[in-house]
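Hi there,

Here is the structure I promised to pass on.

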Amino acid sequence: MNTLRDEAVVLRTYRSGESDRVVVLWGRELGKIRTIAKGVRKTTSKIGGGLEPLSHVNIFLADSRGDLKIVKQVEHCNRFATLKSSFERITAGMALVEVVDAIPAEDLADEGIFTMLVRALETLDDPEIVPLLVPAAFFLKLLALDGSEPLLDCCVNCSSEGPLVAFDAAQGGTTCRDCRSGRQISPEALVVMQRMMGGDLAGVLREANPAGAGEVTAVAQEAIERHFNRRLKVARSTPAS
Ligand SMILES: [Zn+2]
């Protein structure tokens, strides 16, 4: 039996049998993997605490013959104390891991996704950052990473520079007054999205409640749901303002 080591983020866990837990991870090298932590629900287990969703860990696995690799040992890379002390930050983090969990399994082992996820969790752990728009930014950047960056500076239909009045998730970009389709967006929301994707994400995430934030969240969520063809449960419950 070979032992594997990887750096990973826990996406989701669920009970298995009397005392075991299945742990779904995204590993830097292994991509999305399903593992089983045996005896983890017993109070004497030493690895249980490292396997909560949003944990960033070094994990040691026994490469068993079956579908599930067996967790042997877990070490925390980052405890995310600030993230885990805030319900709003945890909710935002859960929206990120839910989306990563929805990425089709054939896209396995994309290190870019791992790196983006860890950076987004580190961002949520930064006390200077307001968590409100972190999921929206992550969704838009994930689309870009997957080669589907939304068009935000001209009309996706006629290439006119505007005014741009709506965002059409099906076409993947903004639409002008003449071509108007999709969800109506305010000029303020458009500016926030352009700043996020144009190099001023850090500035946006330091603002307490930028105008148009609720619209940006709705647009980003619709775009990522359409991309992965799946409605997002956790993301939908993120408070929008
Ligand atoms: Zn147009």
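**Helix packing notes**

Helices α3 and α4 pack at an angle of about 165°, and their axes are 11 Å apart. Since angles over 145 degrees count as roughly antiparallel, that makes α3 roughly antiparallel to α4. Their crossing is right-handed. On the α3 side, the contact involves Gly 112, Ile 113, Met 116, Ala 120, Thr 123 and Leu 124, which meet Val 134, Phe 138, Lys 141, Leu 142 and Leu 145 of α4. Sorted by class, this contact has 8 nonpolar, 2 polar and 1 charged residues. Please keep in mind that this is a predicted model.

The buried residues in α3 are Ile 113, Phe 114, Leu 117, Ala 120, Leu 121, Thr 123 and Leu 124.

Helix α4 (residues 134–145) also packs with helix α7 (residues 213–228), at an angle of about 40° and with the axes 9 Å apart. That angle makes α4 oblique to α7. The crossing of this pair is left-handed. From α4, the contact uses Ala 136, Phe 139, Leu 140, Leu 142 and Leu 143; from α7, it uses Val 216, Thr 217, Ala 220, Gln 221, Ala 223, Ile 224 and His 227. The residues of this contact divide into 9 nonpolar, 3 polar and no charged.

Methods
Residues numbered from 1 in each chain as written. Predicted model: local features only at pLDDT ≥ 70, side-chain atom pairs only at ≥ 80, totals over all residues. Buried ≥ 20, exposed ≤ 12 C-beta atoms within 10 Å, placed from the backbone. Helix = DSSP H or I, 4+ residues; strand = E, 2+ residues; numbered from the N terminus. Axes fitted to C-alpha atoms, helices over the stretch in contact; angles between N-to-C directions. Parallel < 35°, antiparallel > 145°, perpendicular 65-115°, else oblique. Left-handed = near helix turned anticlockwise from the far one by under 90°. Contact = placed C-beta atoms within 7 Å. Nonpolar A, V, L, I, M, F, W, Y, C, P; charged D, E, K, R; others polar.
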